[in-house]
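Subject: Structure handover

Hello,

Here is the structure I promised to pass on to you.

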Amino acid sequence: MVHGTVPLPVTGTVPVTEWPQVAACQPLRDRHDQDARTEKCHTTAKSMSDQATLWNGPSGQTWAEIQPMLDRLFAPFVDLICDAVPAHTAHNILDIGCGAGAIALALAARHPKAQVTGLDISEPLVATARQRAQALPNVNFELGDAQRHPLPPATFDTIVSRFGVMFFDDPVEAFANIHKAATPEAKLTAIAWRDPSENPFMTAAERAAGSLVPELPARRPNGPGQFGFANQDYIHSVLTQSHWHDIRITPIDVPCQLPTEDLELYYTRMGALAQILPTLENRSEVLKALDQGFQQFVQADGNAHFTAACWMIQATA
Ligand SMILES: C[S@@+](CC[C@H](N)C(=O)[O-])C[C@H]1O[C@@H](n2cnc3c(N)ncnc32)[C@H](O)[C@@H]1O
């Protein structure tokens, strides 16, 4: 079901963004150079407020509102992550960028004796996660920025994330903060998207209707956003600098599907194009192009099928 042999990602600038992304001044690899220290600090302050604003504003609100559809869309990743967490070592689990809690809740159900903590910067998403957790006594959700949230030191033996680690404007700071909260030999398992060029479903909206709308924001290599961890070498360098070892970054191709009736909800709510859609005078033309653009994924069973080209990121504290 899950397999992978994919070349290293290309990290050129693409004239659009799918999920929340801020314009980074330069790749973080450079931003961690001594020479770039001043620029890094400036970028950190600006981008941080942008990300917090996005996830506490329209993006967080959208993810909270369409959480049932997103859970269906990304359902295959639940088992993928849960299966990577060994029952005998998982006593204290941390889900980074937990969103509405799908992974934290699944792990809490699967490991009733373990304590699961979800951490997220988005108030609407943490509120949604808390609501969904009412029947589970062994899970709690904290509102905070993974880059600097005061997590209890040397506490978590298992750290997981589904698409929650690509939005830090200073990933080294975030992973160092998480490392401090990890027990010695704790295991990290995180999923991030590979390159946009390998993820045609995630970029279908911009291909179908990009020419009909005003220019969309540029996607910056290694900048915070959906594809912020597309570059394998970059991920490796971030984890090394933040004291993780035994780093394994494996390409995985995960079959996903969405009922056709969910497609419109997907392309009218997710991504940069969806955000400007309500303001467009040619909205009906754009909607028609989007509808046509997504038909290529629809199969005879009435579902849209696509492959999610991702990295499975594993490391030891
Ligand atoms: C693409 S969503 C994934 C949500 C969830 N893991 C899921 O799979 O449904 C990314 C999540 O990362 C969170 N996030 C972004 N920056 C963060 C930060 N600095 N600290 C903690 N969470 C953050 C967002 O609020 C959002 O919930």
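Below is what I found in it, going from the overall picture to single residues.

This is a predicted model, in which local features need pLDDT of at least 70 and side-chain atom pairs count only at pLDDT 80 or more, while totals for chains, interfaces and linings use all residues. Residue numbers start from 1 along each chain, following the sequence as written.

**Overall**

The secondary structure comes to 13 helices and seven strands. Of the 317 residues of the protein, 46% count as buried. Buried here means that 20 or more other C-beta atoms lie within 10 Å of the residue's own; exposed means 12 or fewer, partly exposed is in between, and the C-beta atoms are placed from the backbone. Among the contacts with a separation of 6 or more, 80% are between residues 24 or more positions apart. A contact is a pair of residues whose C-beta atoms, placed from the backbone, lie within 7 Å.

**The ligand shell**

There are 24 residues around the ligand, and Trp55, Gly97, Gly99, Ser122 and Phe167 come nearest. To be counted, a residue needs its C-beta atom, placed from the backbone, within 6 Å of the molecule. By class, the shell has 14 nonpolar, seven polar and three charged residues. Nonpolar covers Ala, Val, Leu, Ile, Met, Phe, Trp, Tyr, Cys and Pro, charged covers Asp, Glu, Lys and Arg, and the others, Gly among them, are polar. Helix H2 (37-56) and strand S2 (115-120) each supply at least two residues of this shell.

**The parallel strands**

Strand S1 (residues 92-96) has four of its five residues buried, so it is largely enclosed by the rest of the structure. S1 runs parallel to S2, with five bridges between them; strands count as paired if DSSP finds at least two bridges. Ile96 has Leu119 in S2 as its bridge partner. Together, S1, helix H6 (residues 102-110) and S2 make a right-handed β-α-β unit. Right-handed means that, with the strands pointing away from the viewer, the path from the first strand over the helix to the second runs clockwise.

S1 is also joined to strand S4 (residues 156-162), again in parallel, by three bridges. In S4, Thr158 stands opposite Ile93 and Val160 opposite Asp95. S4 is mostly covered, with seven of its seven residues buried. S4 also pairs with strand S5 (residues 182-193) in the parallel sense over six bridges, and Phe156 stands opposite Ala182 in S5. From S4 the chain crosses through helix H8 to S5, and this β-α-β crossover is right-handed.

**Helices and core**

H6 is largely enclosed by the rest of the structure, because seven of its nine residues are buried. These are Ala102, Ile103, Ala104, Leu105, Ala106, Leu107 and Ala108. In helix H7 (residues 123-132), the buried residues are Pro124, Leu125, Val126, Thr128 and Ala129. They pack against helix H3 (58-65), helix H4 (67-73), H6, S2 and strand S3 (139-143).

The largest nonpolar core holds 84 residues, of which Ala104, Ile159 and Ala192 touch the most other members. Its largest share, nine residues, comes from strand S7 (residues 303-316). Such a core is a set of buried Ala, Val, Leu, Ile, Met, Phe, Trp, Tyr and Cys residues joined through C-beta atoms within 7 Å. Setting aside neighbours within four places in sequence, Ala192 is in contact with Phe163, Val165, Met166, Phe229, Cys310, Trp311 and Ile313.

**Two backbone angles to look at**

Most residues other than glycine have a negative phi. Ala154, in the loop between S3 and S4, has a positive phi near 45°. Ala154 counts as partly exposed, because it has 14 C-beta neighbours inside 10 Å. Phe163, in the loop between S4 and H8 (171-181), has a positive phi of about 60°. With 21 C-beta neighbours inside 10 Å, Phe163 counts as buried.

Best wishes

Definitions and conventions. Two residues are in contact if their C-beta atoms, placed from the backbone, lie within 7 Å.
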